[in-house]
Every structure is written in structure tokens, then in C-alpha cells.
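Dear colleague,

Please find the structure below, together with the sequence. My notes on it follow directly after.

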Amino acid sequence: MAEHHTVTDGKHKASPNAGGSLHGNSRPNVASGGGGKGGLSGGLAQPAGWQSLLSFTILFLAWLAGFSSRLFAVIRFESIIHEFDPWFNYRSTHHLTTNGFYEFLNWFDERSWYPLGRIVGGTVYPGLMVTAGLIHYVLNLLHLTVHIRDVCVFLAPVFSGLTSISTFLLTRELWNQGAGLLAACFIAIVPGYISRSVAGSFDNEGIAIFALQFTYYLWVKSIKTGSVFWSIGCCLSYFYMVSAWGGYVFIINLIPLHVFVLLLMQRYSRRVYIAYSTFYIVGLVLSMQIPFVGFQPIRTSEHMAAAGVFALLQAYAFLQYLKNRLTKQEFQTLFFLGVALAAGVVFLTVIYLTYTGELWTVSYAKIHIPIIASVSEHQPTTWVSFFFDLHILVCTFPAGLWFCIKNVNDERVFVALYAISAVYFAGVMVRLMLTLTPVVCMLSAIAFSSVFEHYLGDDMKRENPPVEDSSDEDDKRNSGNLYDKAGKVRKHVSEQEKAEEGLGPNIKSIVTMLMLMLLMMFAVHCTWVTSNAYSSPSVVLASYNHDGTRNILDDFREAYYWLRQNTDEHARVMSWWDYGYQIAGMANRTTLVDNNTWNNSHIALVGKAMSSNESAAYEIMRSLDVDYVLIIFGGVIGYSGDDINKFLWMVRIAEGEHPKDIRESDYFTPQGEFRVDKAGSPVLLSCLMYKMSYYRFGEMQLDFRTPPGFDRTRNAEIGNKDIKFKHLEEAFTSEHWLVRIYKVKKLDNREPLDHKLRSIVPRPKYTSKKV
Amino acid sequence: MMAGNKLSVKLPTFLLLITGLCYQVAADDGLVNEEVKRTVDLSTHLAKITAEILLSNQGDSAVHSFILAVESDLAPHLAYIGASVKGDEEEDGMLELKQTAIQGQSGEFYKVQLPSSLGAGAKLRVKVETVFSHVLRPFPTHITQAERQLVVFQGNHYLFSPYPTRSQTTRVRLASKTVETYTKLGNPSKSDDAIEYGPFRDVAPFSEDTMKVHYENNTPFLTISSITRTIEVSHWGNIAVEETIDLRHTGAFLKGPFSRYDYQRQSDSGISSVKSFKTILPASAQDVYYRDEIGNISTSHLQVLEDSVEVEVRPRFPLFGGWKTHYIIGYNLPSYEYLYTLGDQYALKMRLVDHVYDDQVIDSLTVKLILPEGARNIHVETPYPIDRVPDQLHYTYLDTFGRPVLVASKTNLVEQHIQDIVVHYTFNKILMLQEPLLVVGAFYILFFTVIIYVRLDFSITKDPAAEVRMKVASITEQVLTLVNKRLGLYRHMDEVVNRYKQSRDAGALNSGRKTLEADHRTLTNDISSLQARLKAEGSDLADKVGEVQKLDGQVKKEAYIENEKNLASKRLDLVTRIDSLLDTL
């Protein structure tokens, strides 16, 4: 779709000129034809009319393209919630729609973290659920009987359209309308964003990126106008962002940073003062309304920068005020005093925060808690994934950044800071690629747009030079008001024209073709990545036969549904935390630990049970009232994300809390290898996880080339084929053995004796008469 | 009729041997079961008991009806009872049944109306069909995966009848050869999977003798514990059917572990479990879906046959004894096959309950019939009595006052209950327009709001710069139209000049020129006034308009003077210059 859009976009670039030539052609027609047509063509030929129609069409198409390229999973599989976290979000949304908003805010979920439970209302960002619930409510009010599941599945694709519109608005403020449209098209299909917003991926990020972009747009708008109206709009959008995603911290740091840098660059103005003061106060109050956030904005370190900049801005404004009132001498003394005081305060604060260890939360956690390190999306990003997720944009966005810095003004300072900080965060964590994606799209769009401006729409320009984009008109309009952008842009345009003089039409067309080729490749890449990498529900697996037919491996749902139908309603299921949300969502049973990893020691206890031997594990399971144990085993079909492959993390996390009982080194061979065959460590071969995974697997011969008990995932014949259980029994195993569920037996009525009965020498016949 | 009977023997006692009294009863209406052939079919999880009875009227007067009886042990499980006359020409006319009671006798009794009266001494062959659900008890009640399922059936050796029986045989069909025990009344003979009892001669009325068979039965003991069938009729040509089904395996419970390894490797492991079954849908069924709360059930297959659509329904997991599952199956049907209409009168003829699997048992059925919005005078004809619940309202797409929903329920149904229900109602066809009009109205309001919003200024502050710009724009537009008109005048002038060249009619030329000049003057004046206004607004466009005026003056001077070619080219040149100037406006 992208090449299509860019072509349209190119047209749009040329459109004022096309409109101009239309004038030129139509006039002789009118002169020779009839006078009646003049008014009509005059109305249509209004550049503003054409432009808004084109922009509207392009944005609509971008929305459509973004929406439809996110539907791969729905078309290939079905309308289903994906992965892990979305299942929790879906379950809470379901709770919200069935029980109402207040019931949802007060929801204590006794079905998770048994026996602790979880206060859901106070530990979630409710924006997502409320959004979906609201849409569902409105639709049902109109008697559009849409199931809440479908609302949840299609929420992210719909919001991607809103994201592209807000990206368009933001880029238009930063550069011009053409770049805005290009950015909208980019963000609609870029894989870095699609990865979090395919249909079915019902997660916070899906709506948060929209909120992020929209907040930034309103911020730029309020910085430009200095009006309280836009500032308040920005606060409301920020409030929505806070309610939707923990990533709001990015906003509350980036905006102060922007203000700070503006101060440093001597770009302080009343607009900045009004915008930031309003934003900080109202935004702070609003953000504290979210129960999960609570008092964090005035307590934790990541919000302190905002407060500091607020204080600084007030001080600066005060000094400016004093400057007008005082003599130079007085002012200088006062100034140095103030600076010294402020520096002291800041210094002490930083010392304090570093001491309490709240600064640099991510890296701190990473070193000390294996559970955070164990999540794959918390790993540093590789170069490959930058290219994979952003493709050509990652190469062109520095150019856009350069353009912005070269023609700097207030809001371009902002986008430069946005780009630099986002690049840093994306480098730290794969997951934060998501915040980088929008800014990369915007800057690349700026780069492409200026290139196209050079190489496409110039012939007409020379004939009638002052063709202006509407945004330039905006600038002109604003120049009367407080604004300083127009002059510079104008100069820039004329510079370009001077440079262009020497370029022949051939070079121009070659460059244009090259650019279009790049965009086409980008579109192809995006579609390919979306289709292959990001469109798997991961709840349903599919394998392809040689003839292209498809086998659906539906083992997860098979097992979860078995749990849902054929176990006691209050049965407690122990599994590794990855599957907690899915069990709660699909099987509707009580879980011990889940993906909301708030209690490390509880998870460690489960890890300990999994990595101990059976009788030790039985003690733990009895103390936790476990009825069923669920594990994922991929050895039969070669599924690599199974529990044995995750097992070392369980051991590590268990060791973190119970170093006396569990030692990671015990699970390795003396050579330091982790292996499941005969050479594996005996502790591993007798631990509960191993036994549950391979119970009766030793008898199973998968094909004739391999011995019985050959594990396809780890390509090894298992080392312990004679597995017997004393306290557990197999309750269910799914068709491809992917999910295995064991039942924890109750204590026997009588303890069976392990040894033979002692042969007791019969005593002489004496019996008590008392009985 | 039987009120005079003084018998007060409690059932179930084993034998009623007070023959004298019984004969008296029989004498009351003189009917005798001359010859009875009973077949007890136990090969599925149902007990289907069919009796072919040769009734003979040995009384004095003609008889119009006779009585069928069901033992009190079995009566609660009775799902279906039907009687038909077995004629020579092999066409079975179904007879009408009505439940009655007989004082002093427990059990259930049905009075069968004969098609024609049975005269004294006449004989009639009647076929009675009864189906009992949940009468085969698994024994042992819990089995392991490797074990086979054994069940016990407890019934009656004799035909339970208010009439004396001269001679009868009972044939029991079993599901397998393996029989643990069976009662040995009258030394029955046992072949492969059948046991033959009798013939028994001269059996008294209401005689009971417990027949007990304990045998292996691995047929699927599937029971639909509840089914909700929703039929939504749309007059736009579609009938949507959705069935929500709770399914349970009611055989022997699974004891101990379920081993997938054994289940996959050994063919006889879990032999009584249910892997899949077939549901037959109507031939025109489309868009079939099979799903549950967590999504599609991907293990099913659909086969379109000539006279039906066959769905191979495979639950997500095999059903062992005591296991249950829940699913939804739905499809669309074209309404022309089921909906009949005459003017405003409509009649819907649909199956009240449809096939789910062979030999199905439905413990509880709820049917919801959603008629189109505005259907009135609803009248229902059911094939058998069914409990109606007060009607409800249902709101779905584009509904305003709701669609009427008929709700009916019934318990204990079997395959014989797959029959048609007819619903008559009236519907005003004008109401069909309501939904499109709603959509049109909604869009109209939407566009209208946008138009209003775009055209009017809602801002509370005034932006003088923007206002001036808009004023200038509107004036410029006026100037453009005027200039266009003026250009039209020139063209007109050309024509006049051409005509003059042909006709040399100077008068016409002059008059034409005068009018044109007058028009031209007014237009030029108008433009000048607009130019003045532009100037007043402080726009630099005024200068450009002035330039246009100047150029126009040149055109005028050179107009219609001798050298036409020169003139034309010049004018063209000037016009293009004007154009390029106009472009910049």
C-alpha cells in the first residue's frame, strides 16, 4: 500500500501545481466555450478544497491499509485474543462489561495468586478496558449486538488508524502537510508498531501509542500557540495515556526535557511558560486519579524531572520579571544566589535518589531479579531487529533529524529530543522499540518529503514561484502572532531552489524512481514481516504439510477447555507463570502465579516445586492446596517454547529465594551442560518438571529412525524412561502432548508402608480385658 | 372405564395372578392381545421397545379406543410413545394418543383412538413404539480407561397391558456378544447378540416380571443435558439457527488416569469414549460455525451432501465417562424454504428440534423463535405438547421496539421428536422500509451536522486576520466570475464582427457593439468597485486586479479594427497574460 500512498502523495505534492495548470487550461476553454463553467471550476480549483479532499482520502486509505494489514491472524485463524497478557485484559474487560465500572475498580480477583488474590482494580491501567467497554456499551446502546470479544480483537487495528491521524497532525505541525501524510502512511504499516497492534493483540500498547502521539501533537500545538485551551487538551490526552500504559513516564520526562532544553537555548517565551505550567499542574492532578498510579507522581524519581523543570521555569519566569524591575547589579547578585540555591537542591535530590536506589529502575531490576531478565522482551535490541522492524526508515530518519536540526524551531527541538531519547530506550530494551517507531516514521517522512519537494514538483515552481503549501500559509498567518517559523522556512525553500537550478530532469527522475523503489520495498517488507512474524495468535499453532495443506495444532485450547469443563470449579492449577493469564482466561480456574509477576517469592515457590523431587514437591503443593499441575511439553512436535527449555529460569528464580534447597549447578552436568539424556545430572532427571514432561514418553516411538523416547525439541533420547508417580496421576494430555495436566492426589487414608511388615514374634496370648 | 376394577395390588409386585378378576377387566371392553411380538432394542444407549400387537375384540360391542400402559418403573424415563396401525398395504397410520389414568394401577396409561371402530370379533394389528432414555445403568459405575463398559437393563419380560395376552415373544437385541448375566425365565435362547424369550402363553393383564440383562455396551452414552435452539427469522431472506449445546458422557465414569499414550497406541483403549459424532444439518445450511467460549473448535469437518450438510463434530477432547463439554453450532438457511407468505400472513415451518447425533437424547430443550420486528397475531402449532414461557423481546441490529421472541421448553426428547413446528403471524410489509430509512436518517443527520459545523463559526474569539482573508477570497472569486463574463463578451464580439464581415450590415454591428460595450462597461465598473473593496481590505491583490483592468483596456481599444489576425494573436497573448495573473490570485 505504501507505494500507492506515496504515489498519491507525490500527486498531492504536485497538486497545487496541477491546480494551477488547470486554471491555465480552463481559462481559454471558458474564453471559447461558455461562461457558466467558470464558477464551478473556480470552486473546485480552490487549492484548499483539493488539498483537504486529498488529505482526507489519503488518511482514510492509510487507516484502511493499516487496519487490513493487521487482519492476517483473523483471516488465517479466527477472531481470537492472542498470547498471554491480552487474555488478562480480555478477562478484565469482560468483568467490566458484565459487572459495571465500579465493580471493576473494586475487583478483588480471588482466582489468581492463590491464596493471596489480587486487587485488580488497583493494579491495572484501566484505560484499555474502559475504552473497549465503552465502545461495547455504545454499540449495544445502538442495538449493534457485537460481542465484547470482537470489540477487543479489533480495538488495536482501529486505534492504529487514529494513531496515523495523530501522527499526521503532529508531523504537519513539525514540517508540512505532505510530510504529515507520508508519516501517516508509514506509521500505518510499519512493523515496529504492527507487532503490538495486530487484531487480537488486545494490549495496552495498542491504544497507548495513539495517546502518546496525540499528547505530543497537543503539546506541540500548545507550545506553538501558548494557549491554555491546547494545554488543557494536552493534559486530557495525557490523562488518557496515564490510564492506558505505564509508558506515560516517557511523556512526563520528555516534555520537561523539551522545556528545559528550550530554556537552555534561550528560547524561553510566554508561550512555553503558559503551556508547561498548565500541563504540569493539571496533568499531575489528573494522573493521580488513576488508582494504580496514585501518589507516584509526587513520590518516585521518574516524575521528579517534571517537578524540577516546573520549579526552574517558575524561577526563570520570576527572574525575567525581576529583570524588568531591578538594576543590573541587583539582578546579578540575585541571579547567582538563586542559581547556587537551585543547584544545591538538585544535587541533594539526586544524591538522595541514588542512595535509595530508585533511579535507573530497569537496570537495577535486571541485575537483581532474574524474573525480569527472564522475559525475552526485556533483552537489549539487536541491530537486526531495528532493520526488521523499521526497514528503510531506520536509514532515512537521521536525515529527517538533520533537516529538523538545520531549520530548528521550538517544536523541532522537541522532535529531536524525542528521537534521541527514543533511540536510547529502544537500544536498552526490545520492547521500547515501540516508542521509537512513531518518531522514526515522522522523521523519515520529513526526509522523504523534502527530497520529493526537491525532485518532483519544481517545473511549475519556476514558472510561478510563490506556490505555497497550506502549512506555509499557516506560518504566514502565524507570523503576525507570536510565531517565528515562517521566515526561516521561506529562506529554506529559496535555498533549495538555488541548488536545484543545476539539476537536469534525468537526474531528477532517476532519484525520484529510486525513492519510489525504496518505498515500494518498504511496503513489501512491511507486509511480509506482518504476515510472517507478527500474525500468529500463539494460542493456536499451525503446521504445513508438503502439499501446502495446513494442520492446526489446537492443544492449548484443548487442554484449557478440558480444565474448564471437567474439573471442579474451584480447582487450583499450578503452572509456570507464563500460562497464568491463559488459564484464568480460557480455563476459568484458580491459578497460583500469573504474568502479573508482582510476588517474586510466590513464583519462586512454584519454581521450587517444579525443580524439586516428587516428595519434596508434594509437600509444597499440599501446602499450596494444588489440585492440578499444568505443564507445556514440546518434545513430541518439536515446540521450542516449552517448560523444559524455560526450566533453568525456574531453577534460577527458585534459587534466588531458596538458595539452600535449590542450586542451579545441580542441574548441569559436571561439564556445565544442560542436557536431558542419560548424561544429564541426576537431580534434573528426578525433578518434578522432568518427570511430568517425560512421563510415559520413554515408551513412545515417534518414527522409525529414532529410538523410543526421542525428544524432538532437544534432539536427544531422554535419560530417564522409567518414570513412576507416587503422589500425582496423569489427568489429561492433549493430542500432540503439548499440554500435560497432572492431578495431585489427596493424602491416602492410611499411609502405605514402604517396607515389609516386621515379622513380630507372637507374644503369649495376653489380651487386655479392659477393651 | 377401569374405575370398577377392584384391584389394589401395588406395583411393582412381581406377579399378578388373580386371573379371575383380570378376565373380568378384560371382559369390560372385551379386548384381548391375541399375539404380541416384542422387541427390546438395547444396542444403543436407549431402550427402544417395539411391540406388534394383534388386538382382537372379543366383546359384544364395537370398540373405538384401546389403552397402552407403561410400567411405573420405566414410566419416568419414557421419552416417546407412539402407536400405528399396521395395515396390509404397509402404510402405517399414526394414531392419536391421550394420557389417562387408571385408578388403582400405577404406571402411565395412554388411550389410543382407533381410526375406525373395531367391531365385535374383529382383529387389528397395531405397532407400539416406546423409547426410554437413561434406563441402561452402567455397572460397574466407574471403570478405568482400559476397561469395557458394562450396563444393566431392568425391564419386564411381558408386555405390560391392561388386556390379557394369549401368546407373546420377547426378543432382546444387545450391543455385543458379551453378556454377563440375564434372567432365564422360560429358558430363553441366546444367539450372537440377541436373547429370545417366550413364547409365553396366557399372560394376565398388568403382569410384570423383572427382566434383567447385564451386558457390554460400548456405544456412545452421549446425552445433551441442555440445548438452546435459537431461530432468528429475517424477512430479508435469511433464517439464522444457533444451537448451544451442553453435552455429557453419561456412561460409566472414568476411574484413575487418562493416558494419552494408551489412547493413541491401543485401539481398544477408552473404547466407550466419544471421539466424534455426526450432526446432519439441512441441505441448504450455509456459513456453518462450530465454536465455544474460547473460539473456534478447529477439529471439525464439514461435508456438503446432496440432501444434507454433514458436520463431523469433534469436541476439543475425547469424552470419557462423566466428562462434559459445551459448544455452539450455528448456520444460516434461506428463508424461502421455510417461510410461506400470503399477503400480510406469514407461516414459518421449521423443525422444532434438529438432529445432533444418531439416537440422541435431550434432557432439556429450550427453543427461542425470534420473529421479525412488528410481527403480530402470533399463533403456534406444535406437533406435541410443549411448555410455553411468556414471550420476550429481543433487540438486535436496527431494532427500535424489539422483536417478539417465542420461548418454549420441553424435557426428555429423542430422535422421534424431530418434527415441524408451524408459526403463523401477520406482518405489515411497510415495516420492511423501517430499517433502511433508519440508516438513511442516521447518515442524513451525520452529514447535516458536518455541513452545519463546517459552515458556521463556533469560535468564541474573533480572528481579524482570518476574517479579512476570507473576505478577500470571496471578493476575488467574484472578480474571477466577472472577468470570465467579460471574456465571454469578447467572444460574443468576435461573433458579431464575423457576422458583420459576412453581411456587411453596419447597423447590426453598431447595435451589437453598443449593447456589448454597455455590458462591458458595467462589468468593468463592477470589477473596479470590487478592486476598491479589495484595496480597502488592504490586500495586495487589488494591484493585480488593476493590472487586469489595464490589460483589458488595451484589448478593447484594438477590438474590431482592421487587422484581425494580428488582433487575434495579440488578444490571445493578452488573455494568457491575464490568465497567468489570475492564477496568482
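Glu699(A) is partly exposed, at 40% relative accessibility, where buried means under 20% relative accessible area, exposed over 50%, and partly exposed in between (1.4 Å probe, protein chains only). The residue forms a salt bridge with Arg696(A), the closest N and O atoms being 3.2 Å apart. A salt bridge here is a side-chain nitrogen of Lys or Arg within 4 Å of a carboxyl oxygen of Asp or Glu.

The model is a predicted one, in which local features need pLDDT of at least 70 and side-chain atom pairs count only at pLDDT 80 or more, while totals for chains, interfaces and linings use all residues. Residues are numbered from 1 along each chain as its sequence is written, chains are lettered from A and ligands numbered from 1 in the order in which they are written, and side-chain values use heavy atoms, with hydrogens and water left out.

Further salt bridges

Over all chains, the count of salt bridges comes to 45. One of them joins the side chains of Asp627(A) and Lys746(A), at 3.3 Å from N to O. This pair links distant parts of the chain, 119 residues apart: Asp627(A) lies in the loop between helix H31 (614-623) and S7 of chain A, and Lys746(A) in the segment after S11 of chain A. Helices (H or I, at least four residues) and strands (E, at least two) are DSSP runs, numbered from the N terminus. Asp627(A) counts as buried, at 13% relative accessibility, whereas Lys746(A) is exposed, with a relative accessible area of 57%.

A further salt bridge connects Asp677(A) with Arg675(A), and their closest N and O atoms are 2.9 Å apart. Asp677(A) is buried, with a relative accessible area of 16%; Arg675(A) is partly exposed, at 29%.

Surroundings of Glu717(A)

Asp677(A) is also among the residues that Glu717(A) touches, contact meaning heavy atoms within 4.5 Å. Glu717(A) is found in strand S9 (residues 716-717) of chain A and is partly exposed, with a relative accessible area of 28%. Its side chain is joined to that of Lys721(A) by a polar contact of 2.5 Å. A polar contact is a pair of N or O atoms within 3.5 Å; within protein, one must be able to donate a hydrogen and the other to accept it, and residues adjacent in sequence count only if both atoms are side-chain atoms.

The sheet in chain A

Five strands of chain A form an open sheet of mixed pairing, in the order S6-S5-S7-S11-S10; two strands pair if DSSP finds at least two bridges between them. Strands S6 (590-591) and S10 (728-733) of chain A each have a single partner strand and stand at the edges, so one side of each is left without a neighbour in the sheet. Within the sheet, S7 (residues 628-632) and S11 (residues 739-744) of chain A pair in the antiparallel sense over five bridges. Val629(A) stands opposite Tyr742(A) in S11(A).

Chain B and its interface with chain A

Chain B holds seven helices and 32 strands, and 47% of its 585 residues are buried. Among contacts in chain B between residues at least 6 apart in sequence, 76% join residues at least 24 apart.

In the interface, 38 residues of chain B are in contact with 42 residues of chain A. Together the two chains bury about 3900 Å², 49% of it on carbon and sulfur atoms; buried area is the accessible area (1.4 Å probe) that two parts lose on being put together, summed over both. Arg260(B), Tyr261(B) and Ile294(B) supply 18% of the area that chain B buries against chain A, more than any other three residues.

Five salt bridges are found across this interface. Glu558(A) and Arg260(B) meet through their side chains in a salt bridge of 2.7 Å, N to O. A network of salt bridges links Glu78(A), Asp554(A), Arg557(A), Asp292(B) and Arg316(B).

Several elements of chain B each supply at least two residues of the side that touches chain A, among them helix H2 (260-265), strand S25 (324-334) and helix H4 (464-503). H4(B) gives the most to that side, with six residues.

With kind regards

Notes:
Lists of a residue's contacts leave out its neighbours within four places in sequence.
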